[in-house]
Amino acid sequence: MTTLRVAHLYPEYLNIYADRGNIAVLSSRASWRGIGLEVEPVSLGDDLRPGEHDLLYIGGGQDREQALIAPDLAARCETIREAVDGGVAALAVCGGYQLLGRFYRGRDGEELPGAGLFPHETVAGARRMIGDCLLECELEPGVRRTLAGFENHAGVTRLDDGAEPLGRVVAGFGNDGESGFEGVRVGNALGTYLHGPLLPRNAWLADWILERALEHRTGERRELRPLADELEDEAQNVAAARARLRGGRY
Ligand code: GLN
């Protein structure tokens, strides 16, 4: 049996909105295809070697928790860059998404260093961007999918020119409440503001991530056997309807 190795970065600090639920979804969807998923927590001062894991995962958190881990994460910038350049998959949510950019400046004006993997910078704005959010994504050319989740952030993230967003905002605030884009993509590494957790209501993205991690582990790209996702699809429909109804309003 093939077993995927996941590094869960700072699980005890960055885990608001049940972000660890994303790991549970990845684990279930892998096991339903006879694939193992081994999750290693990697926290302050722990070792992390490039390429040792097939997937890096980091959740969201309050400014206070971000400040506690930011220097440790920033010190891993080369390791994370080398891993992603080598095809390792990654999912970074909200506070973790911000800290994989160049920096996050919080409301108190303190600038937290980032790991510099993602081509963006984040500065906390005067008002929090809270609510349901709906995106249109095209991670594979010509394959349009929707992504539905919940956002709650003060951070206003500005992508560099030419950076690839994760998706186009259909309803909600997204990166900055004005550009019309949300998240970012660098190779197999994805960053997003979407909580919920994200993956239970976006099964296709869970499979996309698993396929990239599997390719890193086995050296070959193969599509996972489809699952009966009626419940997951219904969950996305409900979240999408809520976002269309009230997303993107202060
Ligand atoms: N503390 C960050 C902000 O407010 C991230 C919040 C989060 O992870 N939900 O923008």
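## Helix H1 and what covers it

Let's start with helix H1, residues 21-31, where the buried residues are Gly21, Asn22, Ile23, Val25, Leu26, Arg29 and Ala30. This is a predicted model, so keep that in mind throughout. The cover over the buried residues of H1 comes from several places, including strand S1 (3-9), S2, S3, strand S4 (89-93), H5 and helix H6 (230-246).

As background on helices, an α-helix has 3.6 residues a turn, so residues three or four places apart point the same way.

Which helix holds Ala203? Ala203 sits in helix H5, and with a relative accessible area of 6% this alanine is buried. The cut-off for buried is under 20%, so Ala203 qualifies because its value is 6%.

Val25 is one of the buried residues of H1. Along the chain, Ala203 and Val25 are 178 residues apart, yet C-alpha to C-alpha they are 8.4 Å apart in space. If you skip residues up to four places away in sequence, Ala203 touches Arg29, Asp229 and Glu232. Arg29 is another of the buried residues of H1.

## The nonpolar cores

How many residues make up the largest nonpolar core? That core has 65 residues, and Leu73 and Leu205 are the ones with the most contacts inside it. Helix H5 (residues 203-218) gives the largest share of this core, with eight residues. There is also a second, separate core of six residues, and its members include Ala148, Ala239, Ala240 and Ala243. In soluble globular proteins, nonpolar side chains tend to be buried together.

Zooming in on Leu73, the residues it touches beyond four places in sequence are Leu9, Tyr10, Ile58, Ile80, Leu99, Leu100 and Ala115.

## His53, a buried histidine in a loop

His53 lies in the loop that runs between strand S2 (36-42) and strand S3 (55-58). Is His53 buried or exposed? At 2% relative accessibility, His53 counts as buried.

The side chain of His53 has a polar partner: the side chain of Glu40, at 2.8 Å. Beyond its neighbours within four places in sequence, His53 is in contact with Arg5, Val6, Ala7, Glu40, Leu48, Val88 and His216.

## Around the ligand

The ligand is surrounded by 16 residues, and the closest are Gly61, Asp63, Gln66, Cys94 and Gly155. By type, that shell splits into four nonpolar residues, 10 polar and two charged. Helix H2 (63-74), helix H4 (95-99) and strand S8 (143-159) each put at least two residues into the shell, with S8 giving the largest share, four residues.

Which atoms of Gly61 lie 2.9 Å from a ligand oxygen, backbone or side chain? For Gly61 it's a backbone N or O atom that lies 2.9 Å from an oxygen atom of the ligand. Gly95 has a backbone N or O atom 3.0 Å from an oxygen atom of the ligand, and for Ala154 a backbone N or O atom is likewise 3.0 Å from a ligand oxygen atom. As for cover, the ligand has 300 Å² of accessible area on its own, and the protein covers 99% of that.

Most residues other than glycine have a negative phi, and most peptide bonds are trans. Here are some spots in this model that go the other way.

Tyr10, in the loop between S1 and H1, has a positive phi near 50 degrees. With a relative accessible area of 0%, Tyr10 is buried. Cys94 has a positive phi too, near 45 degrees, and its place is in the loop between S4 and H4. Cys94 is buried, at 5% relative accessible area, and Cys94 is also among the closest residues to the ligand. Then there's the cis peptide bond joining Gly196 and Pro197, with omega about 5 degrees. Pro197 belongs to the loop between strand S12 (189-192) and H5.

## Gly172 and its contacts

Last stop: Gly172, in the loop between strand S9 (167-171) and strand S10 (181-182). Gly172 and Asp132 are 40 residues apart in sequence, and their C-alpha atoms are 6.3 Å apart in space. Leaving out neighbours within four places in sequence, Gly172 is in contact with Asp132, Cys133, Glu151, Gly247 and Gly248.

Technical notes. Residues numbered from 1 in each chain as written. Predicted model: local features only at pLDDT ≥ 70, side-chain atom pairs only at ≥ 80, totals over all residues. Heavy atoms only, no water. Buried < 20%, exposed > 50% of the residue type's maximum accessible area, 1.4 Å probe, protein only. Polar contact = N/O pair within 3.5 Å; in protein donor to acceptor, adjacent residues only side chain to side chain. Contact = heavy atoms within 4.5 Å. Core = buried A, V, L, I, M, F, W, Y, C linked by side-chain atoms within 4.5 Å. Near = heavy atom within 4 Å. Areas by Shrake-Rupley, 256 points an atom, 1.4 Å probe, with all protein chains shown as cover. Nonpolar A, V, L, I, M, F, W, Y, C, P; charged D, E, K, R; others polar.
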